Amino acid sequence: MTGERRRLLLEILGFALVVALVATYAVRRGGAAGPARLEDQRLLLGTVVSVTVFTNDSERGRGAIEAAFAEMERVESLTSRHAASGEISRINAGGRTGDRVSIGGELASVIERSLHFSRVSGGAFDVTVAPLVALWLGPEGMRVPSRSAVSAALPKVDYTKLALNAGAGTLTVPLGMSLDLDGIAKGHAVDRAVRALRLRGIQSGIVDAGGNIGFLGAPPRGGMWRVGIKHPRREGILGTLFVERGSVATSGDYQHFTVVDGRRYHHILDPKTGQPAHGVMSVTVVTARAIDADALSTAVFVLGAERGMELIETLDGVEGVIVTGQDDVDRVLVSSGLAERFAEET
């Protein structure tokens with residue numbers, strides 16, 4: 001087992017308990033019996049992934065769950081930096097001799113969406129952050145690199161140097177730069193898994209990839225989906241979101257972190273400074289598509305509370321909850337569209 005693989009497994013085992021608290025669902029309404037609940041969990045995308053369907057056709061349900069996992073495995077092999085045969089690994093390979101690389105249509109669409117959120121966030125979301133990620137995330141987990149190492153890596157981080165020609169299937173990546181799609185690939189995988197469930201006749205279901213959640217249809221007995229937002233510093237939940245459909249994604253500083261000399265260093269990096277973004281504990285975003293929620297939860301975290309909420313309020317169909325503080329929760333900011341759909345624990 002490689003050091004990188006061992007690190008991922010250790011983080012997955014530690015994160016599993018967190019996931020169980022981040023996403024809790026209730027679909028209760030009335031006393032009538034609804035469709036049966038079928039669920040499976042597997043380790044994918046560097047986290048614990050669960051797929052749940054509600055159906056009285058168990059054969060159809062099991063087949064749909066398998067199809068959803070197969071689709072996420074396919075997306076992982078396409079987008080992961082750790083998949084040796086994947087397109088991202090090929091782009092990041094040290095032996096590359098030219099700036100322009102050929103890419104498939106699906107990867108082009110993911111990168112196109114990434115660049116969109118890079119532009120709307122002013123660079124707070126940036127898939128060229130890979131050199132910084134390599135410094136902060138070592139084989140055994142989070143570590144604190146030297147400032148000189150961070151300074152040396154920063155010139156290799158700049159999404160504006162990428163040039164995508166989706167029609168021609170080419171991407172220009174200057175030599176020395178590399179890509180990290182971890183901030184958006186889980187969301188894309190969730191969208192594809194939800195689509196796989198729908199194509200197999202499932203009308204109600206949930207796909208949860210470590211806090212990136214996609215809902216298919218309405219809860220089997222009506223009402224809204226209920227999503228618990230984990231408290232960033234304590235066991236249990238901070239509050240509950242009520243959503244009708246779509247997707248929910250949470251980025252938190254409690255997911256991967258280390259404490260050195262009393263200071264918390266986490267994995268959500270500011271591409272402009274090369275340091276972990278500070279001032280925010282967690283960001284939860286609600287959108288129609290999981291790929292958008294995934295990217296925006298990171299972007300808003302890096303932007304900070306005020307600028308992040310301003311971005312949320314300017315985007316159609318986007319809502320969010322921002323939790324600020326350091327050692328304990330300071331403020332909970334809720335976007336205007338969630339004012340009646342978020343209940344904070346008292």
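Begin by selecting L45, which sits in the loop that joins β1 (37–44) to β2 (47–54). The model on display is a predicted one. Colour or label the backbone at this position: L45 is not a glycine, yet its phi is positive, at about 55°. Most residues other than glycine have a negative phi. Now show the surface around the residue. Is L45 buried or exposed? Its relative accessibility is 12%, so L45 counts as buried, the cut-off being under 20%.

Next, select D261, in the loop between β13 (257–260) and β14 (263–266). Here too the residue is not a glycine, and the phi of D261 is positive, at about 50°.

Then select the entire protein and switch to a cartoon view. Nine helices and 18 strands are present. The radius of gyration is 20 Å, close to the 20 Å given by the globule rule for 346 residues, so the protein is as compact as a globular protein of that length. Along the principal axes, the C-alpha atoms fill a box of roughly 60 × 45 × 40 Å.

Colour by burial: buried residues account for 54% of the 346 residues. Display contacts between residues at least 6 apart in sequence, and 63% of these join residues at least 24 apart.

The accessible surface is about 15100 Å², with 49% belonging to carbon and sulfur atoms. Select the charged side chains: 38 are positive and 39 negative, and the centres of the two sets lie 3 Å apart.

Methods
Residues are numbered from 1 along each chain as its sequence is written. This is a predicted model: local features need pLDDT of at least 70, side-chain atom pairs count only at pLDDT 80 or more; totals for chains, interfaces and linings use all residues. Side-chain values use heavy atoms; hydrogens and water are left out. Helices (H or I, at least four residues) and strands (E, at least two) are DSSP runs, numbered from the N terminus. Buried means under 20% relative accessible area, exposed over 50%, partly exposed in between (1.4 Å probe, protein chains only). The radius of gyration is taken over C-alpha atoms; the globule rule is 2.2 Å times the number of residues to the power 0.38. Contact means heavy atoms within 4.5 Å. Accessible areas come from the Shrake-Rupley method with a 1.4 Å probe; for residues, only the protein chains shown count as cover. Lys and Arg count as positive and Asp and Glu as negative; His and the chain ends are not counted. The place of a charge is taken as NZ of Lys, CZ of Arg, CG of Asp or CD of Glu.
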